[in-house]
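Welcome! Please take a look at the sequence and the structure shown here, and then read on for a short tour.

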Amino acid sequence: MSASRFVRSQRLTIVAGILVVVLVLVVLQLWLLTATMEAYLGGDDSIVVPAALASLGCFALNFGILHFYLRKLLD
Amino acid sequence: MRIDDPDRISANPDGRPDEAQPSWREQFPIDWPSDDFRSRRDFTKLLGLTSLAFVVGQLWIAVLSLRRRSRARPAEREIATVGELPVGASKLFEYPERGQVCVLVRLPGGGFAAFGQKCTHLSCPVMPEPEKGRFHCACHNGSFDLATGEPLAGPPRRPLPRLRLEVRGDRVFAVGVDEGVL
């Protein structure tokens, strides 16, 4: 079923669910950033690159969700 | 917005179609459903930009980390003589570069220890209090062990960055940084 078959109120429910997922990913990124900064300032460089890659992965997921799926629902 | 949209409540004030309306009318819709859509779209953009900003922050830390790892080992430098510091005394010096203030203390046992002077909480200068066996940060009442630099009380959670020292004869040399960021 394409997104346009839903009435607007139904689509808004789906959008709200997707936004919650995206919000959780953004909070995860915030946690990653603070943990990485804490480790870096403490002299531990071992997690810097893995954390950056994880954050990049979260962003890619967010971008994918927002760009390819959510836009369809909101347009 | 489609004209046959079931959620469409009001008509355009001038009666013209949506395509002929000024662009600001789309930004400030009259109907609640349209307004919900608009606010969600803006919120979505904000989330995307926030996510991107976090990635930029992570990459910035990664660049700083690489720069720190590739930096040459700091040159050793004479910082004091054994005779000038009685037990319990301390001395400030800059190492490895100008502006990076460190503090050298003569421990009650007779040995030496040196640490970066910046508190690991919010970078206030810590002051040695040998009689209490600690460094004290007056900004938020944090304290660190005088011999090891480990946090003892207050907000700091990380130890003070420790300097490697060598005593050659009567002279004390700083020969490197053990851990942490000065």
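## Loops, sheet and helix

With 12 C-beta neighbours inside 10 Å, Ser123(B) counts as exposed. The cut-offs behind that word are simple: a residue is buried if 20 or more other C-beta atoms lie within 10 Å of its own, exposed if 12 or fewer, and partly exposed in between, with C-beta atoms placed from the backbone. Ser123(B) also has a positive phi of about 70 degrees, although it is not a glycine.

Before going further, a word on what you are looking at. This is a predicted model, in which local features need pLDDT of at least 70, side-chain atom pairs count only at pLDDT 80 or more, and totals for chains, interfaces and linings use all residues. Residues are numbered from 1 along each chain as its sequence is written, while chains are lettered from A and ligands numbered from 1 in the order in which they are written. As for confidence, pLDDT is the predictor's confidence in each residue, from 0 to 100; chain B has a mean pLDDT of 87, and 94% of its residues reach 70 or more. For the complex, the predictor gives an ipTM of 0.85 and a pTM of 0.66.

Helices (H or I, at least four residues) and strands (E, at least two) are DSSP runs, numbered from the N terminus.

| Residue | Loop lies between |
|---|---|
| Pro96(B) | strand E2 (90-94) and strand E3 (101-106) |
| Ser123(B) | strand E4 (112-116) and strand E5 (126-129) |
| Ala138(B) | E6 and E7 |
| Asn141(B) | strand E6 (134-137) and strand E7 (142-145) |

Pro96(B) is joined to Tyr95(B) by a cis peptide bond, with omega about -5 degrees. Asn141(B) is not a glycine, yet it has a positive phi of about 60 degrees. Asn141(B) counts as exposed because it has 10 C-beta neighbours inside 10 Å. Ala138(B) is exposed too, with 11 such neighbours inside 10 Å. The C-alpha atoms of Ala138(B) and Val126(B) are separated by 7.3 Å, and these residues are 12 apart along the chain.

Now for a sheet. In chain B, three strands form an open sheet in the order E1-E10-E9, with antiparallel pairing; two strands pair if DSSP finds at least two bridges between them. Strand E1 (77-81) and strand E9 (163-168) are the edge strands, each pairing on one side only. From one strand to the next, the twist averages 35 degrees. E9(B) and strand E10 (residues 171-177) of chain B are joined by six bridges. Within E10(B), Gly176(B) is the bridge partner of Arg164(B).

Buried residues in H2(B) include Phe37(B), Phe54(B), Val55(B) and Ile61(B).

The contact between the chains takes 32 residues from chain A and 28 residues from chain B, where two residues are in contact if their C-beta atoms, placed from the backbone, lie within 7 Å.

Methods:
Axes are lines fitted to C-alpha atoms, for helices over the stretch in contact, and angles run from 0 to 180 degrees between N-to-C directions.
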